[in-house]
Amino acid sequence: MKHTSSSWLAYLSTIAFGFALNASSLFAGEVRLAAAASLKEALDDLKPAIEKLSPGTTLVVTTGASGMLQQQITNGAPIDIFISAAKKPMEGLSQSKLLTEGSRKILLKNELVLIAPEKSKLTAITDLKDKAIKRIGVGEPRSVPAGDYALQTLTHYELNATLATKFVYAKDVRQVLSYVERGEVDAGFVYASDALTSQSGTIKVVTKAPSESHEPIVYEIAAIKQKDKTRKSEIQKVITYLESQDALKVWQKFGFLDAGVKTAAKDTGRAPL
């Protein structure tokens, strides 16, 4: 179940093709938001309120691995707003000068948890080295921030090299959740917010990864530079609402943590915590 070079390229091609189709159907009333896969349910909940801000405006949401979305935006995907589950993808866009100046902010925080099938006997991250644990779901660390955080955590426990042969890589954090729900892996690393979306009785949260075991999990939001300046107001209205206290209530309902909406550091591309 590990990615081969050919399967990875095929996946990239599929995503690119999807964006190409999306681009062909653009119209002036759309605001296009690309966001980390973990935000899907919250954004579905927020969408009606956002569309009421401006009658006639439709919010088009695309979710997926943050690194993959970054690559598509770099390649010209028609996106107005990006929400990343880590700083690195946003830093890449900043370095490519694809972000609207001053728009990059820290929007939310999250926590990393180890999950397992509901009847699992796992009680700690260190239990993963047990011979009974054969498969561990991890997001592809090159494109999935949750996978990167998971490897950081395992490195903290000096388990990364020991467990490497057990890793089953997923295209995004939701696929890891699905693997665990279906019993295709013995455990997996997802965000605390993802665990809340799981079907009752299918998984359990084994433990939370200590905050010191990985980089802070922050979600950053930014506007993507646009040639068409006529839509600037509509795009900003969406961003302003996503940062509002009304939106925060929804984010928190889906398990996300308040980050206080901080402006990212200028030029360095690094967001202060």
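Predicted model: local features only at pLDDT ≥ 70, side-chain atom pairs only at ≥ 80, totals over all residues.
I started with helix α2 and found Ala42, Leu43, Leu46 and Ile50 buried (under 20% relative accessible area with a 1.4 Å probe, protein chains only). Helices here are DSSP runs of H or I with at least four residues, strands are E runs of at least two, and both are numbered from the N terminus.

Residues are numbered from 1 along each chain as its sequence is written, and side-chain values use heavy atoms, with hydrogens and water left out.

Next I looked up what α2 packs against. Its buried residues pack against β1 (30-36), β2 (58-64), α9 (232-242) and α10 (245-253); contact means heavy atoms within 4.5 Å.

Then I checked the length of α2. Its 14 residues (40-53) should span 20 Å at 1.5 Å a residue, and the end C-alpha atoms are 20 Å apart, so the two agree. The expected span is 1.5 Å times one less than the number of residues.

I also found a kink of about 40° at Lys47, shortly before Pro48. That bend is the angle between axes fitted to the seven residues ending there and the seven starting there.

Zooming out, I got ten helices and eleven strands for the chain. Of its 273 residues, 52% count as buried. Residues 24 or more positions apart make up 80% of the contacts with a separation of 6 or more.

Terms used. Buried < 20%, exposed > 50% of the residue type's maximum accessible area, 1.4 Å probe, protein only.
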